[in-house]
Amino acid sequence: MSAAGRKVDLDVVAERCQRLKLVHAAECLAELVEEASREDLSPVTFLDRVLKREIERKDERRIATSLRLSRLPAGKTREGFDWTFQPTAGRSKLDTLATCAFVREADNVLLMGPPGVGKSHLAVALGVKGPSRTGSTPPTSCSMT
């Protein structure tokens with residue numbers, strides 16, 4: 001029987017994905033095969049979608065793990081910051097910091113000001129952005145005196 005005439009069992013392919021540690025691809029294989037059939041995708045396009053889904057899931061898990069290990073408080077985001085309470089916070093500077101270029105360039109950021117103006121909120125918000133923008137958030141400690 002020719003290679004084109006052989007029928008491949010979906011369970012066998014899913015098991016091979018598992019062995020290659022492509023766990024998400026194994027879990028959603030049936031859905032992706034159905035989608036590929038419905039949209040008449042080429043084999044390369046189908047493979048690209050499988051790999052893209054796997055990469056997206058691994059990135060989601062990496063970010064979730066980084067945030068859990070960082071022990072940053074939940075719910076502190078730039079979007080949740082009260083800009084009306086602190087209009088002098090320099091929103092454009094904070095938008096630039098949110099790109100996390102300072103992490104990639106190994107620069108430091110120091111937020112200074114009196115108590116209660118949102119420094120911790122903004123620092124946590126930048127820390128939460130780090131893993132999704134840069135791939136990691138290196139652990140750092142700082143003492144406040």
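This is a walk through the model, one selection at a time.

Before you click, note that the model is predicted, with local features needing pLDDT of at least 70, side-chain atom pairs counting only at pLDDT 80 or more, and totals for chains, interfaces and linings using all residues. Residues are numbered from 1 along each chain as its sequence is written, and side-chain values use heavy atoms, with hydrogens and water left out.

**Stop 1: H2 and H3**

Select residues 23–39, helix H2, and residues 43–70, helix H3. Helices here are DSSP runs (H or I, at least four residues), numbered from the N terminus. The two axes come within 10 Å and cross at roughly 145°; axes are lines fitted to C-alpha atoms over the stretch in contact, and angles run from 0 to 180 degrees between N-to-C directions. The crossing of H2 past H3 is right-handed, the term for a near helix turned clockwise from the far one by less than a right angle.

Now show the side chains in between. Contact means heavy atoms within 4.5 Å. On H2 the contact residues include Val23, His24, Leu29, Leu32 and Glu39, and on H3 they include Phe46, Val50 and Arg57. By class, this contact has nine nonpolar, one polar and eight charged residues. Ala, Val, Leu, Ile, Met, Phe, Trp, Tyr, Cys and Pro count as nonpolar, Asp, Glu, Lys and Arg as charged, and the others, Gly among them, as polar.

**Stop 2: the cores**

Next, select Ala14, Cys17, Ala25, Ala26, Cys28, Leu29, Leu32 and Val50, the eight residues of the largest nonpolar core. Such a core is a set of buried Ala, Val, Leu, Ile, Met, Phe, Trp, Tyr and Cys residues joined through side-chain atoms within 4.5 Å. Buried means under 20% relative accessible area, exposed over 50%, and partly exposed in between (1.4 Å probe, protein chains only). Helix H1 (10–19) and H2 each give two or more residues to this core, and H2 gives the most, with five.

Centre on Leu32: leaving aside neighbours within four places in sequence, Leu32 is in contact with Phe46, Val50 and Arg53. Then jump to a second, separate core of six residues, including Phe81, Leu97, Leu122 and Leu126.

**Stop 3: salt bridges**

There are seven salt bridges in the whole structure, each a side-chain nitrogen of Lys or Arg within 4 Å of a carboxyl oxygen of Asp or Glu.

Pick Arg53 and Glu31 to start: their side chains meet at 2.8 Å, N to O. This pair links distant parts of the chain, Arg53 in H3 and Glu31 in H2, 22 residues apart. Arg53 is partly exposed at 23% relative accessible area, and Glu31 is also partly exposed, at 43%.

Within H2, select Arg38 and Glu34, four residues apart, about one turn of the helix. Their closest N and O atoms are 3.4 Å apart, and both residues are exposed. Over in H3, Asp59 and Arg62 sit three residues apart and pair at 3.9 Å, N to O. Asp59 is partly exposed at 33%, as is Arg62 at 28%. For a network of salt bridges, select Glu35, Glu39 and Arg49.

**Last stop: His24**

Finish on His24, back in H2. Is His24 buried or exposed? His24 is buried, with a relative accessible area of 11%. Not counting residues up to four places away in sequence, His24 touches Arg53, Glu54 and Arg57.
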